[in-house]
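Dear colleague,

I am handing over the structure that we spoke about, and below it I have set down what was found in it. Please read the notes with the model open beside you.

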Amino acid sequence: MTLNRRTFLATGAAATAVVGTPMILKAQPAEYVLGASLPLTGPFATAGQLVAPAFALAQKMFNDEGGIAGTPIRFVTEDSGYVPQSTLANYQRVLATEGKACVGYFADSTGAMKLIAPELKGENARLMGSTSFASELANPQTNPYQYISGPTYQDQFDILMQNIKAAGGSKIAIIYSNTEFGRDPLEHGRATAERLGLEIVLEEATKPQGADIPTHVTKLAQSGAEHCILQGYVTGVWPQLIGGARQFGLPIQFHGTFWGMEKLIADRITKEAGPFLAGYQGVMPYRYFYDRENAPRYEQYAALSKAMFAGTPLENYMSTWALQAMCGLELAMKALRDTAEAGKELTADNVAESLSGISDWDSGGFFGGPVSMNNNKIGTGRVYEYAPDTGLFTPVSDWLST
Amino acid sequence: MINGNLKATYGADERVLNNRNKQMFVFGSIILLALFPLFADDYSVLMACKMGILLIAVVGVNVLTGYTGLVSLGHGAFVAIGAYSTVIFSNLFSGLPTGILPFIVVPMAIAVSALTGIIVGLPSLRVKGLYLAVATLAASFIVKFLIEQDLFAPWTGGIVGIDTPVPSLLGWELDNKREMYVLITALALGTMLAAQNLFRTRVGRAFIAIRDRDYSAEILGISLLRYKLMSFAISAGYCGLSGALGAYFFARILPEQFGLDLSLELVAALIVGGMGRTLGPLFGVVVVMLVPELIKISMAAATGGSLELARYTGPVQEIVFGLLLVFFLLKEPLGINQITDRILRSANRWPFARG
């Protein structure tokens, strides 16, 4: 056989296929790793401790479903103490120990997301979700690999204000913690209020913990506000502010955003201090765990929780904080699976492309209906109201989108 | 005393590394540090850089606390000033060639930190001990408070933090961690050597005299005003350099990185390592930064990375680290430097008594 150009190329291609295929197979890891940093110690340890078990549940569930295109996944969770630099170190360690097998990461604060964002380039880039709803992160141009598993705080303010307007409200107060978290939606909130014809009669900053409640309540009373939005709190301050206002005899309607909407906290406050949270409303991106009608994914979580956490408080209830983490993981897994099914390598660019292409996704219960990723976020939510006698948050609005 | 070292000249006696064991220890360490980035992974390089940055600040605290005897719980503020000044001056002078910018910006950041150090140090003329610690504590809160204010946000980024520039040294862009490692390690070694030499000068000896008994020092003719403030300035300058390197190393700086925790970490590292000793800060930084990571890695290995146990391992790590610190302080109240001293001394005297 004479070796002309055509046969040379054909032989070369065949040889590459034979020699190269095992290399491609070899390049695929035996398991994929998703890292996570959680605040298991420090100021938000309460939240971290409630979220941590969700990762065990998620690992079992996703692997029972076949992992990512048949390859099992493994979560590596570590404590950050809510220190952004520790989260960065944890991220680097997972990259160093797991290499390309690590295909995603879950960070535990806005600060950590911002600190890590500039590091996400080249070989160090991975898809990254977090506990954060910071508006600044919802920008695929500047943060192509980071996403928000719900609406931003700005979106949440929009939803609340739309609801206040629909209820005939006109004068609102905004009380916020003097943190990045508290200040995030302020400017946007002012613009939305103006657009909707709402008057902001008070903007009051407080300490994130141990705030001077009587002073803030007095200012609130003087402002003449009908509605008050509380932003930037997790376990403390917001219940005390509402309690202080009720003691003062103020009939103001209070509203909160995601991190101030946990049933466990509201129940504990009711048990310790009485039913003063009656009528407290707030925006929630997801359905509560007890609202499982037509929510097959929640039913799956419930069955697994019963089996895995029997005898603990987690057996029957998954906190909103854990649901947020689960939603983030569901989105990451969808993007990873979509990428694998499309026959593409699980690089950060490919996975981020799949993530931004998520459209009309049936989440199985998290949201009111199919949702889409828009600017690396899902801008939808619903207003819920707390009833101390039942200990439940129940919806008082339809699903609102921004 | 038998020490096995013949000193034939005054020069030989005055050397920093005045015996073979010390030379072997220091030069061996430098060779290891030089080879380190060739085989270390990104995570190890990250940790080494973080340790180098913290080390420079702890050397600064050592000047003030270890050598001059003035306690400060506000040195995190000087690190913050160094970091933010670097970013602010880099943005202000962005018109200048990038290759020379760090040579202008970093000395300016050090100068601003040093000046702030003088202001914060003023109470040291009237109060000392715990009272001074409380007085300096205010610096930590005031500086962080100012950085977070909306008024200064155009320069500092406010509460959301600010992106930092990539340093370029005469055209050499230090845009990855390994390159930054070279700069940080060189400066960390340089600052330690400078601190060591400082205490062989008139100024350093004045600091030590103030530490040992301030009014005796004053009677001997040492101006307390001048030398206490000088100590604050030098110490804050070191922290400013540490902050500047931190700003270059991390892609973004946030006010929460410079809270009271940082000030306490600096003091803790110094106490654990050994106050008033050149290598004290080095050992302290190794313990404060490396031990928690090693505990974390060991715990993960011991539990097999169990997700069910993850919620318990975090708090247990903190407890183990706390207990370890207490153990170190009980076992060696003068710091780890004392242990290495003993080892080097016995090596020097071998085969004679360990002493």
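**Two helices of chain B, and what else was found**

Helix 3 of chain B and helix 8 of chain B are roughly parallel to each other, a term that applies to angles under 35 degrees, while those over 145 count as roughly antiparallel, 65 to 115 as roughly perpendicular and the rest as oblique. Their axes lie 9 Å apart and meet at an angle of about 25°, where axes are lines fitted to C-alpha atoms over the stretch in contact and angles run from 0 to 180 degrees between N-to-C directions. Helices (H or I, at least four residues) and strands (E, at least two) are DSSP runs, numbered from the N terminus.

Please keep in mind that this is a predicted model, in which local features need pLDDT of at least 70 and side-chain atom pairs count only at pLDDT 80 or more, whereas totals for chains, interfaces and linings use all residues. Residues are numbered from 1 along each chain as its sequence is written, and chains are lettered from A and ligands numbered from 1 in the order in which they are written.

Among the residues that make the contact between the two helices are B:Leu46, B:Ile53 and B:Val59 of helix 3 of chain B, and B:Tyr181, B:Ile184 and B:Leu187 of helix 8 of chain B; being in contact means that the C-beta atoms, placed from the backbone, lie within 7 Å. The residues of this contact divide into 16 nonpolar, four polar and three charged, with Ala, Val, Leu, Ile, Met, Phe, Trp, Tyr, Cys and Pro counted as nonpolar, Asp, Glu, Lys and Arg as charged, and the others, Gly among them, as polar.

Between the chains, the contact takes 25 residues from chain B and 29 residues from chain A. On the side of chain B, helix 3 (42-67) and helix 14 (310-331) each give two or more residues, and the largest share, six residues, comes from helix 14 of chain B.

Finally, B:Lys228 lies in helix 11 (residues 224-249) of chain B, and B:Lys228 counts as buried because it has 27 C-beta neighbours inside 10 Å.

With best wishes

Technical notes:
Buried ≥ 20, exposed ≤ 12 C-beta atoms within 10 Å, placed from the backbone.
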